[in-house]
Amino acid sequence: MTRLDPSRFSPPEGFRRIARRLEEEGFEAWAVGGSIRDTYVERIGGNADPARADWDLATDARPDEVMAAFPRTVPVGVSHGTVGVIDEAVLYEVTTFRRDIETDGRHARVVFAMSIDEDLRRRDFTVNAIAWRPESREVRDPYGGAEDIEAGILRAVGDPGARFREDYLRVLRGFRFAGRFGWEVESRTDEAMREAVDGLSVLSAERVREELTKVLGDPAPSAALDLYATRGALAHWYPELAGLAADRDAWLAALGAVDAGSAGAANVRLAQLLVRASDTPDGRAEAAESLFSRLRFSNADRRYVTRLARLYLPFVGPVDSAAEHRRWLASAGDEWEDVFDLHFAGARAEGTEEAERYLAATRERVHEEWLREPPLTLGALAVKGDDLLDLGLSPGPIVRLLLEELLEQVIEDPDHNERARLLDEARRLIEIGSLADA
């Protein structure tokens, strides 16, 4: 059996103090969850950082006993046995041993258990069913999770089908773990995942969105996202991407662009898929609007990615005129750099230096125009709506139309943005169009 020297576990001091206090009160205190898993992964040179993982505690103490033992607590989820204990401004979750007695695939009804073994029995995958007790330095691994980590295998605890029926989110969690660590999904677990994907429809949008956001924050999300596609999960929550995934070459190219993007920009990474979901700006925007609404992203996130999707194409090039670069900047607004990031990630994924050089040359020219701070909005014009009213126009849409025409001329030649010059042009246009009041 694979063993890990307990000295390799390096929890924060706040965690150690909480565990020590619980033990002094006569309770057991066990570290469980991602921090333990990631310590094993790091040991074999895998892609994990246990220092960044949440150090959660499982204990036989009941919630009221936990709250009585510490001066600063938060009732994070007392009905499910979880209390937040605050140590030096850091919150640690302390959860009473639990076991499920009834589930519907979305919610579980739990009762408190008596031992850590009962608690580990209800967990999703063997790699997450490992516990460490700092007081005794004991490692409890009843399902061989450490061996599975060394072998690069993701395996469900017990009956895979039962585990997924208890909570269908475990299917998506499995995709994330297998993708993040490059693990092979054990055959029975993989079969059960495929059978369980239809159950994803019972999940809440918020839980699905949170899981996807975690995937997009990984260094290379492509492996997990490909499991979404090949295991049939896209149809339930991401139908806008199903057509893209049906073209294997196009899907893999899109995933390469996702990996090439910044892990700190989850929305931009998701936009990499959405901009390839349609051949038209309106189609791409509709796909983004639909997906972000379904997953209940914030209105700000929805508007932002929808705008990126619409702006992606048509694009500009290094041989376009300065006026064309200004016109594109006017349409892109503050998102112009993010649109370039989308294109650069795609070029890096292609692995062609020529494409990156082309983009770099384009960006340099666009950036030069941006630095000149040309007038690109109606607010930057040297004349306002009131000035046009003074020329005899009646209030109404025609005022904005005339301002937009003046702005187009100023974008073409910024030197035109002078009050007297624009007023003369406005008079000419009014006269030609017979727009002044009689």
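Axes here are lines fitted to C-alpha atoms, for helices over the stretch in contact, and angles run from 0 to 180 degrees between N-to-C directions. Helices (H or I, at least four residues) and strands (E, at least two) are DSSP runs, numbered from the N terminus. Welcome to this predicted model, in which local features need pLDDT of at least 70, side-chain atom pairs count only at pLDDT 80 or more, and totals for chains, interfaces and linings use all residues. Residues are numbered from 1 along each chain as its sequence is written, and side-chain values use heavy atoms, with hydrogens and water left out.

| Helix pair | Residues | Axes come within | Crossing angle |
|---|---|---|---|
| α14 and α15 | 266–274 and 281–294 | 10 Å | roughly 130° |
| α21 and α22 | 397–412 and 419–433 | 11 Å | roughly 125° |

Angles under 35 degrees count as roughly parallel, over 145 as roughly antiparallel, 65 to 115 as roughly perpendicular and the rest as oblique. Helices α14 and α15 are therefore oblique to each other, and α21 and α22 are oblique as well. A crossing is left-handed if the near helix is turned anticlockwise from the far one by less than a right angle, and right-handed if clockwise. The crossing of α14 and α15 is right-handed.

Which residues of α14 and α15 meet? With contact meaning heavy atoms within 4.5 Å, α14 brings Asn267, Leu270 and Leu274, while α15 brings Arg284, Ala287, Ala288, Leu291 and Phe292. By class, this contact of α14 with α15 has six nonpolar, one polar and one charged residues. For these classes, Ala, Val, Leu, Ile, Met, Phe, Trp, Tyr, Cys and Pro count as nonpolar, Asp, Glu, Lys and Arg as charged, and the others, Gly among them, as polar.

Helix α21 likewise passes α22 in a right-handed crossing. On the α21 side the contact is made by Leu402, Glu405, Leu406, Gln409 and Val410, and on the α22 side by Leu422, Glu425, Ala426, Leu429 and Ile430. The residues of the contact of α21 with α22 divide into seven nonpolar, one polar and two charged.

## The sheet

Next comes an open sheet of seven strands with mixed pairing, in the order β3-β4-β5-β2-β1-β8-β9. Two strands pair if DSSP finds at least two bridges between them. At the edges are β3 (73–77) and β9 (138–140), each pairing on one side only. Neighbouring strands are turned by 30° against each other on average, direction ignored.

Strand β1 (residues 29–32) pairs with β2 (residues 56–59) in the antiparallel sense over four bridges, and tryptophan 30 stands opposite alanine 58 in β2. Helix α2 (residues 34–43) packs on the sheet and touches β1, β8 (131–133) and β9, its direction making about 60° with that of β1.

Strands β3 and β4 also pair in the antiparallel sense, over three bridges. Threonine 73 has valine 85 in β4 as its bridge partner. The hairpin of β3 and β4 has four residues between the strands, and in this hairpin glycine 81 takes a positive phi near 90°.

Aspartate 87 touches Gly14, Arg17, Ile18 and Tyr92, not counting residues up to four places away in sequence.

Glutamate 191, in helix α8 (residues 187–196), is partly exposed at 47% relative accessible area. Between glutamate 191 and glutamate 135 there are 56 residues of sequence separation and 40 Å in space, C-alpha to C-alpha.

Methods: Buried means under 20% relative accessible area, exposed over 50%, partly exposed in between (1.4 Å probe, protein chains only).
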